[in-house]
Amino acid sequence: MELFDTIRLLFRKDKKPFLQLREILGFYPHNIRLYKLALKHKSVGYAQMDEQLSKGEAKRMKAKASLNNERLEFLGDAILGAIVADFLYQHYTTKQEGFLTTLRSKIVCRNSLNRLAVEIGLDKLILYSGNVTTAHNSYMNGNAFEAFLGAIYLDRGYSYCYKFLEKKILKTYINVDKLSTEEINHKSALIEWCQRYQYKVKFSNREMKENNVPKFHSEIQIEGIVCGAGEGYTKKESDQQAAEKALRRIKREATLKKKIAQAVEAKRLMAKQQSEHDKTVASIKGRKVVVFDLDGTLMDTLKDLYLSTNFALRECGYPERSLEEVRSFVGNGVQKLIERAMPDTNDQTAIDTCFAAFKKHYIEHCQDNTGLYEGIQDLLETLKERDYRLAIVSNKLQAGVSELYDVWFKDTVEVAIGESPEIQRKPAADMVNKALEKLHAEKSDAVYVGDSDVDLKTAENAGLPCISVLWGFRSKEFLLDHGAKVLVNTPQEILDILQTEKK
């Protein structure tokens, strides 16, 4: 076979790659495309794709970018582990599983594979983008080594893989007897990996008993995600086992690395949100004018809005809406609520008719199920006692606002402004500006409190800092997505933010 391969090579024009590979392998490759693919780093495909994007070839190039050595690496990793295990099993006939497992780990670890790739000259054949350096991609050589084994397996079969590893690697570049006496420090390797990417790693231990003998259980968390666990009769042994498992998972499980990166990003966002929260709270302290939204902030009006909406829909022959649907429609005024609740239509007359039915019913029933949220009355009374000036601005009809004001707020709130033809509704700043005008107050002394994205936009348009409440009509995630910086769970927290004077 070797003679036949040599003769066949004489008739090939591209002899160089065959000769280079024979120097490494000890035999001629048959399917050289497999070896070229094994030596193609993923950065090459992506670099080519970036160059071609402007030429309208993105779809084709994305498919081409996927042709790299990662699949062969997966295959070669499994073959490497099997052959090394077989070799060690035959070489050490009296050693137990723990010894064999540890020694195999030393042979197939990243540092070892990287070194082997360099020693056999494989690193000089790897094709990668000029934007990638081996200093920032320390696994490149070792990964290519595994992919190379995958190529040998597909090209020549398992026996050639075994022959290559045994003669060219294990008996040439690795002194397994000497290596067996060297200690491999998985924990240090894991810590070094985490430091490279600035990940936070935590080792936790607990002691237990096994047949009255102390034993330790270790768990490793990277950015709060459990990545490995181990047991041993010393803390060091259990830590090492846990670190080895964590390193193996990190190498083989792309989803784990993605979760760790996502956890880091979540921490970064939390830190950013906390910074923005602190900055906004600092700007709020010492302000003595508070402008409140009404629905979802001071009062739970949802059920009455829901009932009046469905009354109007029934009157006009339209299907009714659920409570959660009505909740999602609230925020931009009651006319917009009705438009959203109705089936899609451009018939303004139909919209006006349905809205008229809603107004009539709501004015008569706006207090049937409406009441203050828990703690709101105490908040308003405390603020008034401490000389705060209070106002309400709402996209609710002025008639409804006035009726609620007379019953619930006239002893604590000075100004209450609702929707009317004379003033533009929120998120325009008009209502806020009018309230401040009536209070003879400056914007620099005022803060806005609301529960929705409309309120956040209103505060922004009016130039006021905003406190967003979490007991209203929108979720925490929704509010954060729409730019909320200060979130509170109880009315008392509003007081806590307001009452501390500026330093």
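H440 sits in the loop between α21 and β9 (446-450). Helices (H or I, at least four residues) and strands (E, at least two) are DSSP runs, numbered from the N terminus. The model is predicted: local features need pLDDT of at least 70, side-chain atom pairs count only at pLDDT 80 or more, and totals for chains, interfaces and linings use all residues. Residues are numbered from 1 along each chain as its sequence is written, and side-chain values use heavy atoms, with hydrogens and water left out.

**Two loop residues with positive phi**

H440 has a positive phi, near 55°, and is a residue other than glycine. Q198 also has a positive phi, about 60°, although it is not a glycine. The place of Q198 is the loop between α12 (186-197) and β1 (201-210). Are these residues buried or exposed? Buried means under 20% relative accessible area, exposed over 50%, and partly exposed in between (1.4 Å probe, protein chains only). Both Q198 and H440 count as exposed.

| Residue | Phi | Relative accessible area |
|---|---|---|
| Q198 | about 60° | 70% |
| H440 | near 55° | 74% |

Another loop holds a cis peptide bond. It joins K426 and P427, with omega about 15°. P427 lies in the loop between β8 and α21 (430-439).

**The chain as a whole**

The chain has 24 helices and eleven strands. It counts 503 residues, and 45% of them are buried. Contact means heavy atoms within 4.5 Å. Of the contacts with a separation of 6 or more, 64% are between residues 24 or more positions apart.

**The open sheet**

Six strands form an open sheet. Their order is β8-β7-β4-β9-β10-β11, and the pairing is parallel. Two strands pair if DSSP finds at least two bridges between them. Which strands are at the edges? They are β8 and β11 (487-488), each pairing on one side only.

Strand β8 covers residues 415-419, and four of its five residues are buried. It runs parallel to β7, with four bridges joining the two. From β7 the chain passes through helix α20 (residues 398-409) to β8, in a right-handed β-α-β crossover. Right-handed means that, with the strands pointing away from the viewer, the path from the first strand over the helix to the second runs clockwise.

Strand β7 also pairs with β4 (residues 289-292). That pairing is parallel too, over four bridges. V289 has its bridge partner, R389, in β7.

**The largest cavity**

A cavity is a set of points on a 1 Å grid over the protein atoms alone, where a 1.4 Å probe fits but cannot get out; lining residues have an atom within 4 Å of a point. Grid points are joined across faces, edges and corners, and a volume is the space filled by probe spheres set on the points. By this rule there are three cavities of 30 Å³ or more. The largest holds about 200 Å³ of space. Its lining has 18 residues, and D295, V330, G331, G333 and N395 are the closest to its centre.

Which element gives the largest share of this lining? It is β7, with three residues. α17 (334-341), β7 (389-397) and α22 (453-462) each supply at least two. The lining of the largest cavity divides into six nonpolar, six polar and six charged residues. Here Ala, Val, Leu, Ile, Met, Phe, Trp, Tyr, Cys and Pro count as nonpolar, Asp, Glu, Lys and Arg as charged, and the others, Gly among them, as polar.

Methods
1 Å grid on protein atoms, 1.4 Å probe; cavity = no way out; pocket = protein on both sides within 12 Å on 5 of 7 lines; lining within 4 Å.
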